[in-house]
Amino acid sequence: MRNVLLIIFTFVLSIPMAYAMGEKDEYKLVWKEDFKGRSIDNDKWSKITRGKSDWNKYMSSHESLYEIKKGKLILHGVVNNGIEPNDTARFLTGGVFTKGKFTMRHGKVEVRAKLEAAQGAWPAIWMLPEKGKWPNAGEIDILERLNHDDFVYQTVHTYYTHILKEKKNPPHTAKAKINPDGYNVYGVEILPDKIVFSVNGKVTHTYPKIDTDKEGQFPFGTPYYILIDMQIEGAWVGKANIEELPVKMVIDWVKVYERKN
């Protein structure tokens, strides 16, 4: 009888977590990348091009920034000390996205990754809408890590949070502890009424849809694509210490699930 009661008690305790994230058997795997080839699969990924924003101002397609090795994707961030003689950027960083090749509306994304630390390092795994301008169409940051932090930021950005400055009703970001020296599984579940973040299967932050007469609180549910990039410097992360570079992020796998029902 004692063992039976223990089993029942353990099961009851597991219900809130299962409900929050959704059990695996409620989902079907619809897209997977385990980097088993010799090079980046161009049917799934494109290299992120240079832009004018903090996050993409050092992006480069130079082959030295991208490796597929032992079933891992390795993205590098380096000092441009002659690697690209015709490129005047101080740093060069690698990043990939599924824009124009794969999107999801509702479901779960999980990425197993290891993030190297360095002053000025800003690795990120995130999602943007295939259509619509920023921030009106939203942004989902599955993780952003700064410098040597032993935690990551998990955040949503919308017109409501960015333009109207409604960042606390409900809270749009949270910190989640990680193993700073090893692999972690970073996840997000996009549902019609909430965004649920996780690290290593544990729910770390939930951003719900709420009743409000203010514009743009929950634009999620349109097709979103995945971005994975090794960033350096920016107004948020600060200046880089070149003595701590190069830096890299290693991606073991990416999985996307949809609900069976």
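Which lysine lies over the face of Tyr-66? Select Lys-47, which is placed there at 4.4 Å from the ring centre; a charge sits over a ring if NZ of Lys or CZ of Arg is within 6 Å of the ring centre and within 35 degrees of the ring normal.

The model is predicted, with local features needing pLDDT of at least 70 and side-chain atom pairs pLDDT 80 or more, while totals for chains, interfaces and linings use all residues. Residues are numbered from 1 along each chain as its sequence is written, and side-chain values use heavy atoms, leaving out hydrogens and water.

Go next to Trp-253, where the charged end of Lys-255 sits over the ring, 4.3 Å from its centre.

Now turn to ring pairs, of which a search of the whole structure finds twelve (centres within 6.5 Å; planes under 30 degrees apart are stacked, over 60 edge-to-face, the rest tilted; Trp counts by its six-membered ring). Select Tyr-153 and Trp-236, whose ring centres are 5.0 Å apart and whose planes meet at 55 degrees, so this pair is tilted. Because Tyr-153 belongs to strand 10 (residues 151-157) and Trp-236 to the loop between strand 15 (224-232) and strand 16 (247-259), the pair ties together parts 83 residues apart in sequence; strands are DSSP runs of E, at least two residues, numbered from the N terminus. Tyr-153 is buried at 16% relative accessible area, whereas Trp-236 is partly exposed at 41% (buried is under 20%, exposed over 50%, partly exposed in between, with a 1.4 Å probe and protein chains only).

Move on to Phe-218 and Phe-220, both buried; their ring centres are 5.1 Å apart with planes at 85 degrees, so the pair is edge-to-face.

Finally, select Trp-31, Phe-35, Trp-45 and Phe-102 together, which ring pairs link into a cluster.

Definitions and conventions
Helix = DSSP H or I, 4+ residues; strand = E, 2+ residues; numbered from the N terminus.
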